[in-house]
Amino acid sequence: FVAVDVNDPPAEAVPFVQKAGILYPVGVDQTFRVTSGLYGLYGLPQTFLIGSNGKVLAHTIGAVDSADLRSWMKTLGEGGVPGT
């Protein structure tokens with residue numbers, strides 16, 4: 001997992017990530033070059049499941065929880081594409 005913060009300056013994002021106990025990498029895209037330019041981000045929050053080839057395998061608008069992520073991973077493990 002990799003998170004991308006587009007809404008906060010790093011000086012505010014880093015303490016939040018530390019306090020929340022987030023252990024996966026968190027990048028910053030304050031210019032929206034990656035999130036909007038490559039993946040069409042137009043609202044927050046959004047979650048993208050991106051394959052190793054850069055192809056978007058699943059996308060959802062709104063908050064997701066661990067059950068959603070587990071479901072996506074199970075579907076992928078079965079050879080399917082989440083959300084289809």
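The model is predicted. Residue Q46 belongs to strand β3, which covers residues 46-50.

- Through its side chain, Q46 forms a polar contact with the side chain of H59, at 2.4 Å.
- Apart from neighbours within four places in sequence, the residues in contact with Q46 are L41, H59, T60 and I61.

**Helix α2 and its ends**

- Helix α2 spans residues 66-77, a run of 12 residues.
- From first C-alpha to last, α2 reaches 16 Å, close to the 16 Å expected at 1.5 Å a residue.
- At the start of α2, the backbone nitrogen of A67 has a side-chain oxygen of D65 within 3.1 Å.
- After α2 comes G79, which has a positive phi, near 85 degrees.

**The nonpolar surface patch**

- Four residues, F1, Y24, V26 and M73, make up a nonpolar patch on the surface.
- Together, F1, Y24, V26 and M73 present about 410 Å² of accessible area.
- Helix α2 contributes M73 to this patch.
- The relative accessible area of M73 is 43%, so M73 counts as partly exposed, a class that lies between the 20% limit for buried and the 50% limit for exposed.

Key
Residues are numbered from 1 along each chain as its sequence is written. This is a predicted model: local features need pLDDT of at least 70, side-chain atom pairs count only at pLDDT 80 or more; totals for chains, interfaces and linings use all residues. Side-chain values use heavy atoms; hydrogens and water are left out. Helices (H or I, at least four residues) and strands (E, at least two) are DSSP runs, numbered from the N terminus. The expected span of a helix is 1.5 Å times one less than its number of residues. A polar contact is a pair of N or O atoms within 3.5 Å; within protein, one must be able to donate a hydrogen and the other to accept it, and residues adjacent in sequence count only if both atoms are side-chain atoms. Contact means heavy atoms within 4.5 Å. Patches are made of residues with over 30% relative accessible area and no salt bridge: like charges are joined within 9 Å, nonpolar side chains (Val, Leu, Ile, Met, Phe, Trp, Tyr) within 5 Å. Accessible areas come from the Shrake-Rupley method with a 1.4 Å probe; for residues, only the protein chains shown count as cover. A salt bridge is a side-chain nitrogen of Lys or Arg within 4 Å of a carboxyl oxygen of Asp or Glu. Buried means under 20% relative accessible area, exposed over 50%, partly exposed in between (1.4 Å probe, protein chains only).
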